[in-house]
Each structure stands twice: as structure tokens, then as C-alpha cells.
Amino acid sequence: MEPVKVGICGLGTVGSGSFNILRKNAEEITRRVGRSIVIEQVGARRDNDACDTTGIKVTRDIFDVANNPDIDIVLELIGGTSVAKELVLTAIENGKHVVTANKALIAEHGNELFARAREKGVMIAFEAAVAGGIPIIKSLREGLSANRIEWLAGIINGTGNFILSEMSEKGRDFDDVLAEAQALGYAEADPTFDIEGIDAAHKLTILASIAFGIPLQFEKTYTEGISRITAEDVAFADDLGYAVKHLGMARRSKTGIELRVHPTLISHKHLLANVNGVMNAVMVKGDAVGPTLTYGAGAGGLPTGSSVVADVIDVARTLTADPHNRVPHLAFQADALSDTNVLSIEEIECGFFLNMTIKDRAGVLATITQILSSNEISIESIIQREREGSELVPLVIMTHDVKERNMNAAIASIEALPDVAGTVQRIRVENLA
Ligand SMILES: NC(=O)c1ccc[n+]([C@@H]2O[C@H](COP(=O)([O-])OP(=O)(O)OC[C@H]3O[C@@H](n4cnc5c(N)ncnc54)[C@H](O)[C@@H]3O)[C@@H](O)[C@H]2O)c1
Ligand SMILES: N[C@@H](CCO)C(=O)O
Ligand code: NA
């Protein structure tokens, strides 16, 4: 049989990882697919020393790849949402299948791109877009398709988890660890996407769509990053038996769907609390299967390339299939997506860790606990420490589950007290039972 011909656009971290896996494992891949997969052309701004392109057409214009009539599958590995969108649309118009690692593109423009791909009878595959090397898209879309998914919770940004792990295990400085994550190829081109939670929100948006059969709704995902987490928060949480993790949560409730990414306290006893460094993990609770957990490298050229190439293999296997027999892009039939509403963060209930600085005076603690109780917030534990030679002392409170709206009101009243210095730090707590 004729080989399947791929064109790679972008030869950076993920592009070079994918290139080298396709080359190194060519024989094994042919045994899996029943025909060989060859790299027909590479579109890259510059050569990459990690990739030997001898004998392969190389162009500086990625649109040459999308317009090359010999190519069956275009790999979009350039990132960003403007040129990448144009490139993917060009490939689709030319009847080519697309494999991408670009979560921003899928989360923000996926509804439109998938609609166009359906019209043209081509696939857009995006396993590498969520949690790097972990086959979580495959797992949700196919392996768990018998289930009504109740919730999923994941550590889905490698850079953020690497930073929090290094801060907590080695007491390293935030900026220093971020620089290392960038050097290792983990971080986004703009690392604020990683540290402000935007990258995780892109990924959660995608996971929620394929878990619940809802359209992609990035703009409705509550997004908070790790940049405001201090070494002191991490140390207090640790004393209380918790790790601070950046978690993405998607959950069905009676009134709607929760979609949120934010720093979260997770008990040290929970598996997710023990996912460290660049590792990612996603826990999915299905009504039939119960809880499941997938774990693996969330970033890096070879792990992410593993997902890119797996998608290439999937597409190659169904190249001649009737498009209606392919697994739908968002796991559910496109005309059967549900319009269940996404809840605002004020409606969501969880426990809270509060960290504040108070003046060490009689009655302050009583006033604070009174404010909490008048907002229907019950306290699970309190830690108050002395600070030698200072009138200002830290106070940490853990609460039971309460609506965010009540917590907002309580924090506003507490911050207005003259004996409370600065703002109250809040970190949500999840039990994930
Ligand atoms: N790095 C990771 O671990 C990782 C993991 C999963 C997904 N992703 C996603 O994969 C994509 C690529 O990320 P990366 O880390 O490989 O980035 P990168 O910066 O290492 O690589 C991107 C490459 O594309 C090239 N490029 C960009 N625009 C181009 C254009 N118009 N023409 C030709 N070349 C162009 C750049 O020169 C660069 O070499 C992004 O969407 C990213 O979000 C990255
Ligand atoms: N910047 C991303 C790459 C993987 O999607 C991360 O650190 O998780
Ligand atoms: Na994946």
C-alpha cells in the first residue's frame, strides 16, 4: 500500500519530538498501521539540530505544507491562535486531516474548526493538546464511553506543577524554577499562560466538552493561576496535611456544570497530592467504572510527541473510513451536544483555607469567627502562631464546604477589620471522594 504522507509545521519542542519518534519507531508504526507513515515535508522557520531532515523537503513557508497535494495529514505544531488557525483551515479546505498539540486553538476556536472539518469529512486530532503524553482524550472519548461522567479533576499544567513541587520540596524561588521550566521546553511561548492558569483552563475546557458532551466554552471557565501562592501558604498547608496543587475541576451538579481551574489544597493521602514535577494526572469518575486515574509526563518534546504520533496512527488507520464512522471530535455526536449551563464561581461550594495577618489582641479571633458564622461558614480548624517581637501574627483557618458567595462576603468583612492587616489569602480545598 502507498505510504501515508505527513507534513510537519513547526520544528520546536513538540515538532522535533514528533519528527524523531516517527523516524525512530517507523518500523514498529508500520507493523501497527499496515502501511508506512513518511514525513513528506517540514515547514519550519529554521533548521533544528535535533532533527536530521536529509532527504525531506524543507520549506520556510508552512502554507506550502498545507497546500502540498501529496500530503494526507498536516501536523500543526507552531502554537498560537492566529496563523495556526489559518493554517488548519487551509489544510481542511484542501481535504487534509490535521493533528495538533494546540490547546489554545482548540479551546478557543474548536467549535468552528470542527464544524468545518465535518463539512469536509476530515479529522482534527488533538490528544497532545491535553496533558502532554497522557492518553486522556482517547481514554475519555473511547475507553470510558459507556459511562455517564460525573466529574473529572486533574493536574494539567506541567510547568505549574513543576514550580509548586520545587517550591514545596526544595524551598526554591518561583522565578528560578520558572526559568528552568522554560529551558526544559515545558512552558508556553508566553509563560503567563502557565502561571496564570490560562493553559490549564484551555485544557479543562476541552476535557469537559468530551466528558459531558457540551460545546467548548473557554470563556466560561473560572481561571486562577499559581502566581499568588506564597512559600508560607505551602508550609501552612503542609502542616495541616495538605499539598497545594493547581487543579482543574469539571463537575456536574444539580444546577449546572462547574468548570474551574485554581490552586487547591489536596490531602497528602490523596493520589493527586503525590503527582509532582512535570507529571500530570487526571482523575475521572464515571458512574459505572468509578474513579480512574491516568498519570504521566504533562510536557516535553518526546512525551507530547508520543500523543501527536498516536493521533497520526489513529488518523492513518481510518483514512479511508466513512467519516460518519469516526469517533466524533468532541466524543458526542455534533448535533447532540447539550446546552447545560456553566455555573458561575459564586454558586460553587467547597472548603477554604484562609491565611491572614492579624494584630495579636484580645477579641480579634472572636470577631473573625463571628463574621464567619454569620455568613453560615463553619470552621474545621484554626492555627494561630506567635511571631517573636511582632504584634502581627499569622492566622490560618480551614472551613467546611460553603458557597463562594458567602465566603466573598465574609472575607470582605474580615478585611475591613482594623486588626486585620492586608488581604486575606484564600485557597479552595477539595476532598475528591
Ligand atoms: N512544549 C510542550 O511540552 C507542549 C506540550 C503540549 C502541547 N504543546 C503545544 O505545542 C505547540 C508547540 O509548542 P512548542 O513547545 O513545541 O513550541 P516551540 O516554540 O518550541 O515550537 C514552535 C515552533 O514553531 C515555529 N513557528 C512558529 N510560527 C511559525 C510560522 N509561522 N512558520 C514557521 N514556523 C513557525 C517556531 O519557530 C518554533 O520552532 C503549542 O501549541 C503548545 O501549546 C507544547
Ligand atoms: N506549557 C504546558 C505544555 C503542555 O501542554 C505545560 O506546562 O503543561
Ligand atoms: Na494527552
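Residues are numbered from 1 along each chain as its sequence is written, while chains are lettered from A and ligands numbered from 1 in the order in which they are written. In this predicted model, local features need pLDDT of at least 70 and side-chain atom pairs count only at pLDDT 80 or more, whereas totals for chains, interfaces and linings use all residues.

View 1. Among the residues around ligand 2 are Asn157, Gly158, Thr159, Glu188, Asp194 and Asp199, a residue being near if its C-beta atom, placed from the backbone, lies within 6 Å. By class, this shell has 3 nonpolar, 5 polar and 3 charged residues; Ala, Val, Leu, Ile, Met, Phe, Trp, Tyr, Cys and Pro count as nonpolar, Asp, Glu, Lys and Arg as charged, and the others, Gly among them, as polar.

View 2. Strand 9 pairs in the antiparallel sense with strand 7 (residues 149-155) over 4 bridges and with strand 10 (residues 257-267) over 11 bridges, pairing requiring at least two DSSP bridges. A hairpin through 4 residues joins strand 9 to strand 10.

**View 3. Domain 1 against domain 2.** The domain assignment, which is automatic or from a database, includes domain 1 (4-134 + 302-336) and domain 2 (141-298), and their centres, taken over C-alpha atoms, are separated by 26 Å.

Technical notes: Helix = DSSP H or I, 4+ residues; strand = E, 2+ residues; numbered from the N terminus.
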